[in-house]
Amino acid sequence: MQSGVTKMRRDYIDRDYSPKNTDLICEFHLEPSEGVDFEEAATHMAGESSIDSWTEIATLSPELAAKLKPYVFYVDEEAQTVRVAYSEELFELGSVPQVLSAVAGNILSMKIVDNLRLQDIAFPKSMLREFKGPNFGLSGIRKLVGVQDRPLIGTIVKPKVGLTSEKHAEVAYNSFAGGCDLVKDDENLTDQKFNGFEKRAELTLKLAEKAESETGERKMYLCNITAPTCKEMIRRMNILKDLGASYAMIDVVPAGWTALQTLREEAEDVGLVLHAHRCMHSAYTRNPRHGISMVVVAKLCRLIGLDQLHIGTVVGKMHGEKHEVLTLRDECVLDNVPADESQHVLAQDWGELKPMFPVASGGLAPTMIPDLYSIFGKDVIMQFGGGIHAHPMGTAAGAAACRQALEASLEGVTLQEYAKSHKELEVALGKWLKK
Ligand SMILES: O=C(COP(=O)(O)O)[C@H](O)[C@H](O)COP(=O)(O)O
Ligand SMILES: [Mg+2]
């Protein structure tokens, strides 16, 4: 046995245990380190994530253990999968940080495992009750934007950073004028010297309003409030509210779970939709054998109450297989997610918690819209950066090409056919359609 590993007094493997509907259930991918037995590793992992330590602890009485012990009720050594049921009493039910400190905390660092990945958490009703979920959610956003029957089209002002506030607002205006419903900041644009938060928000919201009156469509600006402190993020949210904004955007992983829980409370008071950019998630989601899955990240976002979340594109530039992205979509939009063993997904009844609006973004071009529509259907926000601002005729034409490609998809017409009477789309096909 490896150093630091001694026999625990208790064995938490119990294949006969049937989880109670009040239990929090986790599925893990587990690879013991060399010479460590699979079940031994599973028992240690379950103990470390709840009541136990690396050696027999005298202060853990049999009564206490009987009340709070974890149950490793599913063990598949060949598939390297275990499921653990934890009593709800182990948790501060309204605290995402506390839950993560338990089920995705020390255990990811243990020497007895070479790899360990938290694949999914099924939250019991008692925990769902402690959270509000999205305030607006998918249907609230549709109502706000006034678009019911098609995907929304969004853009990220490019370049990511470097434009002045005036130029930023102008690029946003051109995007709105060309047909975007939503314009957002990039994830690394917050409050830099060349483009301060307040000035950018003021100028861009003003031009969003102008585009609204010119086009007769609602135009939403998603200004990034990510900041060094919660206090400052709340201040920025209030600035947005005072300027008449409907949305705030936040980088959910860099900002952290406590910040999100804080912002969710404030967002309800100020009445802003929260857009969740997931940058940095791959630091712990990308390795299929270790860390935390994106499904867990998405579920935590819905639980806390972000209104829309980046989930990947399948066809764009970012990592993410179709089945993974669709699993994320399901966790965003369904009221009841069925278990899917092949995807390491546990059943989740979302109860009263509203659906989030899924966002597909990252390396998209207008030419991909038919594929995006067939993958996601209408309940998706299609978001283009380079795919709009690199259009040879400019930003407004890029946005128009996206709307035209969407119209073609909704009508079941090929892009080539539609492009015959739509110049912007024709030019976009010339640039991006693979020959
Ligand atoms: O700025 C972009 C996309 O710009 P572009 O369209 O020019 O690639 C976003 O940050 C990515 O969507 C992030 O990826 P994900 O949504 O997968 O988290
Ligand atoms: Mg970006």
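Tutor: Begin with a definition: a disulfide is a pair of cysteine sulfur atoms within 2.5 Å. Keep in mind that this model is predicted.

Student: How many disulfides does a search of the whole structure find?

Tutor: A pair of cysteine sulfurs must lie within 2.5 Å to count. For Cys180, the nearest cysteine sulfur is that of Cys402, 6.5 Å away. For Cys279, the nearest is that of Cys301, 12 Å away. The search of the whole structure gives 0.

Student: Is Cys180 buried or exposed?

Tutor: Buried means under 20% relative accessible area. Cys180 has 0%, so Cys180 is buried.

Student: And Cys279, buried or exposed?

Tutor: The cut-off is again under 20%. Cys279 has a relative accessible area of 19%, so Cys279 is buried.

Student: Which residues come nearest to ligand 1?

Tutor: There are 15 residues around ligand 1. By class, the shell has 3 nonpolar, 7 polar and 5 charged residues. Those that come nearest are His277, Arg278, His310, Ser361 and Gly363.

Student: Which residue has a polar backbone atom 2.8 Å from an oxygen atom of ligand 1?

Tutor: Lys158 has a side-chain N or O atom 2.9 Å from a ligand 1 oxygen. Arg278 also uses a polar side-chain atom, at 2.8 Å from an oxygen of ligand 1. The backbone atom belongs to Gly385.

Student: What percentage of the accessible area of ligand 1 does the protein cover?

Tutor: Take ligand 1 on its own: its accessible area is 460 Å².

Key
Residues numbered from 1 in each chain as written. Chains lettered and ligands numbered in written order. Predicted model: local features only at pLDDT ≥ 70, side-chain atom pairs only at ≥ 80, totals over all residues. Heavy atoms only, no water. Near = heavy atom within 4 Å. Polar contact = N/O pair within 3.5 Å; in protein donor to acceptor, adjacent residues only side chain to side chain. Areas by Shrake-Rupley, 256 points an atom, 1.4 Å probe, with all protein chains shown as cover. Nonpolar A, V, L, I, M, F, W, Y, C, P; charged D, E, K, R; others polar. Buried < 20%, exposed > 50% of the residue type's maximum accessible area, 1.4 Å probe, protein only.
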